[in-house]
Amino acid sequence: MSEAAAPVVRLDHVVKTYRSGAIEVAAIRDISLDIPAHRFAMIIGPSGSGKTTLLNLIGCIDAPSAGRIEVCGEAVGLLSDNALADFRARNIGFIFQGFSLVPVLSAYENVEYPLLLVGMNAPERRRRTLATLEAVGLAAQGGQRPNELSGGQKQRVAIARALVKQPTIVLADEPTANLDSANGAAIIALMRQMQAEQRTTFIFSTHDPQLISHSEKTFVIRDGTLLEHRAEGAPVGTAGADATSRSDQRVGGAA
Amino acid sequence: MLFKIAFRNILRNRRRSLMTGSAVAVGAMAMLVFGCYISYIFAAFETGLVQRIGHLTVFRSGYFVFGAGNPAAYGIDGYQGTMKLIGNDPVLRPLIRVLTPTQSLLGIAGNFSGGNNAAKTFLGVGVIPSDKEHMRQWNEYGAAQPYVPDTRLADDALQRGLIGGGMARILGLCQALKLTDCPTPPASQEAAAPAAPVDQSITDLARSELGSGEAHATGMPRLDLLAATASGAPNVVSLDVAGVAQQGVKELDDNYVLMPLGLAQQLVYGRGEHKATGIVLQLNRSEDLKAARARLNALIGDHHLDLEVRDFAELTPFYGQVIRLFDAIFLFITLIMGVIVLFAVVNTMTMNVMERTNEIGTIRAMGVRRNGIRAQFVVEGALLGAIAATVGVVLAFGVAAAINRARFTWVPPGNANAVPFLLSMPADSPPLLLGTWLGLVLVATLAALLPANRAARLPVVDALRHV
C-alpha cells in the first residue's frame, strides 16, 4: 500500500503526566510518531501501558503535558475547547469498548446524532443514517433502543455512529473486548469493509490478537514509551523494516 | 434532539422524576390555591368597603386628620355645587356609579321611652338611603351577594334610621327591636348598667323639645339624638329605630347610628346652611380609581376649592394591614415552596449527572460543546419543572372548584355577617397563574444549572472513565 499524503496524525515529543496526590505519574513519555492516512493502525501493549491515553490524545479529548499533536494537519494544541469540540465533530469518530450509546435514543437516533452536531440538513441526515444502518446490517433495528439490542448489535450501532459523518479518523478503544469471538470477528470484518469503502483511517487500542492480525500499522507501547513500530504482516515483538525502538526518533510514516 | 433526550430521560427515571415532579406540582398547587384564596379575600374586602364607603370621598381640607373630633366644623360649603361640578365633568361622569353626600356627626343618643333613662355617645352617619342601596349593589368581582346588609330605609322616611347592635344593647332596645342574642343588663347592678345616669338637663332638653317618651305612631322605638350644632348651640332630633345594622368592629357597633342625610343635617346645622362632611364617589370599576382621583384633584385645583380627596384604603387603614399581612404570608409560602423545589431539582439533576457521566463523556467526545452539555441538563430541569408546574395548575383548578362546590361560608374582615366562601379560580388571576408557573419553572431551571455546570466542566477523559 503506497502512502504519498502527509500523515493524518503526527505526534512530536508528546508527554502526558498525571498527578496522583504528591506523585506525578508519566502515562506517555516523549512519544513521536506519524500515522499515515487510510490505514488500519493498532496501538498495542499491556494494560496500563498508555494505549488509551495515547488514543485520547490523538482523539483530542485529552491534552498533552508537553509536545505537539497534529491531527488532519491541524495543530490541535492551539485550539480552544469549543474549537476542539467542533474539530472532533467534523473529523473524528469514536468507538468505545462499552458501546456508550445514548440509552434514551433509538439505534437510528444514535447514528443520526453526530450529523446533527455538524448541522446537516434533515433529508441528507436521514439518507446517510439509513444508508449507514443498512451498511452495518441494522436497517431493521433502527427503531430499537440500546437495551433492546444484543452486544454485537450495539457495537454495530456504535460503528455506524462513528462512521456516519464520514470522518477522517475513527478511534476505537478495545472495540471487541466486550464481544464473543464470533461477534468480534464480524465486527472486525465490518470495520474492514467500512474502512475499505470510506478510506477512513482506523486507529485501535487493543489486545485482541484477532484484531491485531488485521493491522496495517502497529505501534507497541509499554510504560508510556513507544517500543516499536511495524508494518502490516510483521510479527509483534520484532521491529519491522521501518521500525525503531527509540522514542527520540520519529516512527511510522509511509509503509 | 435536546428536548427529545431531556423528555425521554425524565420518563426513563420515572420514580425520581415523579418524586421531584410531585414536589413542584404540590408547590404550584399550594401557591395557586393560596393565591386564589387571598385574591378572593382582597376582592371580598374591597367589595365590602366599596359597597360601604365608595371608592373616593371628597372632604373639606383637614377633615381626614382633624375632622373626627368635630365633624360639624368641617362641612363642605355649597356641597351641592361641588357635586354638580363633579357629576357634570366629562372625564368623571362615565366613571362614576354613585355620587352622594354624607354627613358625619358626634352626639349623645338617649332612650327615654317606656321608663328608660339611658343615653350614650354616638357616631352618626347621615346618608341618602336610595344611594346607599345603590352602592351596596356594586359587584365588580362577582360576589354571590352584597356584603353590606340592606338598610331597609327609604328616602321619604325622614326620621327613620338604624343603630349598631351594641348601641341597641347598651340603650336597652333589645326587646323593642326583637333582637336575639342581645342580653338585657341586670337592673340591680349599677356597675353593669347600660349607660351612665343621664344628666337631668339632657333629659329635660329632649323632653321639652320633642316630647320624648311619649307613644308615637310608627310603633318603632325612638331615640333622641343630641348634638352641638356647627354654631355651638345644642340641638335635638328624634330617630325612629327601624332596626339594627350590625358592625364588624365592636367599637363601631357600640356607637353606630345611621340616619337620613336630612336628619343629620338638621341636627348639625339646625336652621343654618346645610352642609355635608363628605361627597362619596363610587366608581363603576376600581381600576379607574387613580384616574378619577387625579381628575378630582385637578378639578379642585382648577376651581381653588378647599377640599381634599381620600380613597377607601386611606379611610380604612385595616384594609392595607390585611393586604400586607396576606402578601407577607404568600411571600413566605412562596419562598418555602421555592426552596423545596430548588433542593428537589438540584438533588434529582445531580443524580442524573452522576448516572450519566459516561454518556456526557461520550457525547463530548463526539463533538458536543460544554454549552451543549449545560443546555441538555438545564432543559431537562426546565422541562421537568414545566410539566410538574402544569400538573400543579390543573390540580389547583380542581381543588379550587371542589372548595367552591363545598359551599363554605365565612365572615370577611370588618363584616358582621357570614357570606359564601368562594375561591377565585386560577384563570381569574392571570398574573398569579402565569407568575406561579413561570416562577416554578425558573426555579427548576436555576436549580438544574448547578449540576449542569458541573457536568459541563467534566474533563472528557474523566467522564469516559467513570463507571
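1. Let me start with a strand pair in chain B. B:I108 stands opposite B:L226, a residue of β5(B). The strands involved, β2(B) and β5(B), run antiparallel and are joined by three bridges. Please keep in mind throughout that this is a predicted model.

2. One of the facing pairs is B:R222 with B:D240, the latter lying in β6(B). The two strands form a hairpin with five residues between them. If you look at the turn, you will find B:G232 with a positive phi of about 100 degrees.

3. How much of β5(B) is buried? Six of its seven residues (the strand covers 222-228) are, so β5(B) is largely enclosed by the rest of the structure. In general, side chains in a regular strand alternate between the two faces of the sheet.

4. Helix α5 of chain B, residues 129-136, deserves a look too. Its buried residues are B:P129, B:K132, B:M135 and B:R136. Why do these four lie on the same side of α5(B)? They cover an arc of only 120 degrees around the axis, and that places them together on one side. As for what covers the buried residues of α5(B), the list includes α2 (14-53), β2 (96-111), β3 (118-127), β7 (256-260) and β8 (278-283), which belong to chain B.

5. Now to the place where the chains meet. There, 17 residues of chain B are in contact with 20 residues of chain A. On the chain B side, the elements giving two or more residues are α1 (2-12), α13 (357-366) and α16 (460-465). The largest share, six residues, comes from α13(B). By type, the chain B side divides into eight nonpolar, four polar and five charged residues.

6. Finally, a word on chain A as a whole. This chain has seven helices and eleven strands, and 48% of its 255 residues count as buried. Taking the contacts in chain A between residues at least 6 apart in sequence, 68% join residues at least 24 apart.

Technical notes. Residues are numbered from 1 along each chain as its sequence is written. Chains are lettered from A and ligands numbered from 1 in the order in which they are written. This is a predicted model: local features need pLDDT of at least 70, side-chain atom pairs count only at pLDDT 80 or more; totals for chains, interfaces and linings use all residues. Two residues are in contact if their C-beta atoms, placed from the backbone, lie within 7 Å. Ala, Val, Leu, Ile, Met, Phe, Trp, Tyr, Cys and Pro count as nonpolar, Asp, Glu, Lys and Arg as charged, and the others, Gly among them, as polar. A residue is buried if 20 or more other C-beta atoms lie within 10 Å of its own, exposed if 12 or fewer, and partly exposed in between; C-beta atoms are placed from the backbone. The arc is that of the directions from the helix axis to the C-beta atoms. Two strands pair if DSSP finds at least two bridges between them.
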